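Q: I'm new to this one. Could you walk me through how to read it, one feature at a time?
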Amino acid sequence: MTTDASLSPANLLARLRETSPLVQCITNYVAMNFAANTLLAAGASPAMVHAPEESGEFAALAGALTVNIGTLSSEWVDGMKAAAQSANQAQKPWVLDPVAHFATAFRRDTTADLLKLRPTIIRGNASEIIALAGGQSAGQGVDSGDPVELAEDAACSLAQTQNAVVAVTGAVDFVTDGTRSVRIAGGSPLMPKITAMGCSLTALVGAFVAIAPDAPFEATIAALASFAAAGSHAAPNANGPGTFMMHFIDALYALSPETLNTNARIEILS
Ligand SMILES: Nc1ncnc2c1ncn2[C@@H]1O[C@H](COP(=O)(O)OP(=O)(O)O)[C@@H](O)[C@H]1O
Ligand SMILES: Cc1ncsc1CCOP(=O)(O)O
Ligand SMILES: [Mg+2]
């Protein structure tokens, strides 16, 4: 991991709050509201813009783009491709969330096409990352059937073949750029009990990489560490998944760079 203090999670969070980056999110119907509220709570400015008539034009304006394939249709796929192409042309970073990409031919083909457009960062759960690297995963739908440890080698090989940062999330997250890698602990077992937690995290990765486009590895770590800290703070106040959702948004809003600095549980592996 870098020793550049300006790229620490705390400094990146402070910069995010100062600059409130505009983040274009092409995400699924399930996630749209929670992802937008997540970005607002963290201090970024979300815009859910997916129509092919405007997604490319918008991607050139936004600080970063995130693409999530959770609820696909042909029209949305056109919007995703136009946006990713435009982000590349404008040299804006973009993040891919390959939700259940292994489940159907439509998802597999779309994901293969999107990978050709060279995402800066790929964020998925363990089953998604194992399958993306060509392995056999236990996943069936949008939820992971595998532990993160089983996906770490897959993440490293995917990062190298795709020349991208890869984040695998779960009980302890793993982030690699193919050379450097870290684990991030924290959060709460209630997090996978709330739909769109992962999709919203992908949106937040977009916000961090918008303010640090030359440091996608550090930006990804900052986003995951922020989620872990907010999840840890929210859990003691929650009675179950419903109240956790509410407390999680409040905890993300209240998270200070100082608290993130003290609470981040980042293990540098290489
Ligand atoms: N058992 C767990 N304990 C703590 N945090 C978790 C746990 N499972 C998932 N998370 C957190 O929930 C968020 C979403 O991750 P995940 O559930 O893997 O994504 P997805 O919703 O795409 O399957 C991440 O911040 C991750 O660290
Ligand atoms: C339930 C569901 N169905 C299609 S997309 C989606 C949301 C998945 O959200 P996440 O990947 O964050 O759990
Ligand atoms: Mg997911």
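A: Under "binding site", the unreviewed UniProt entry lists Met 48 and Ala 196. This is a predicted model, where local features need pLDDT of at least 70, side-chain atom pairs count only at pLDDT 80 or more, and totals for chains, interfaces and linings use all residues. Residues are numbered from 1 along each chain as its sequence is written, while chains are lettered from A and ligands numbered from 1 in the order in which they are written.

Q: Where does Met 48 lie?
A: Helices (H or I, at least four residues) and strands (E, at least two) are DSSP runs, numbered from the N terminus. Met 48 sits in the loop between β2 (45-47) and α3 (55-61).

Q: Which residues is Ala 196 in contact with, leaving aside its neighbours within four places in sequence?
A: Contact means that the C-beta atoms of two residues, placed from the backbone, lie within 7 Å. With those neighbours left aside, Ala 196 touches Val 30, Ala 31, Phe 34 and Ala 35.

Q: Which residues are around ligand 2?
A: A residue is near a molecule if its C-beta atom, placed from the backbone, lies within 6 Å of it. Around ligand 2 you'll see, among them, Val 30, Ala 31, Ala 196 and Gly 198.

Q: What classes make up that shell around ligand 2?
A: Ala, Val, Leu, Ile, Met, Phe, Trp, Tyr, Cys and Pro count as nonpolar, Asp, Glu, Lys and Arg as charged, and the others, Gly among them, as polar. The ligand 2 shell has seven nonpolar, five polar and no charged residues. For ligand 1, the shell has eight nonpolar, eight polar and two charged residues.

Q: How many bridges join β7 to β8?
A: Two strands pair if DSSP finds at least two bridges between them. Here β7 (residues 173-176) and β8 (residues 181-185) run antiparallel, joined by four bridges. Thr 176 has Ser 181 in β8 as its bridge partner.

Terms used:
UniProt positions renumbered as here; feature names shortened; annotations may be inferred.
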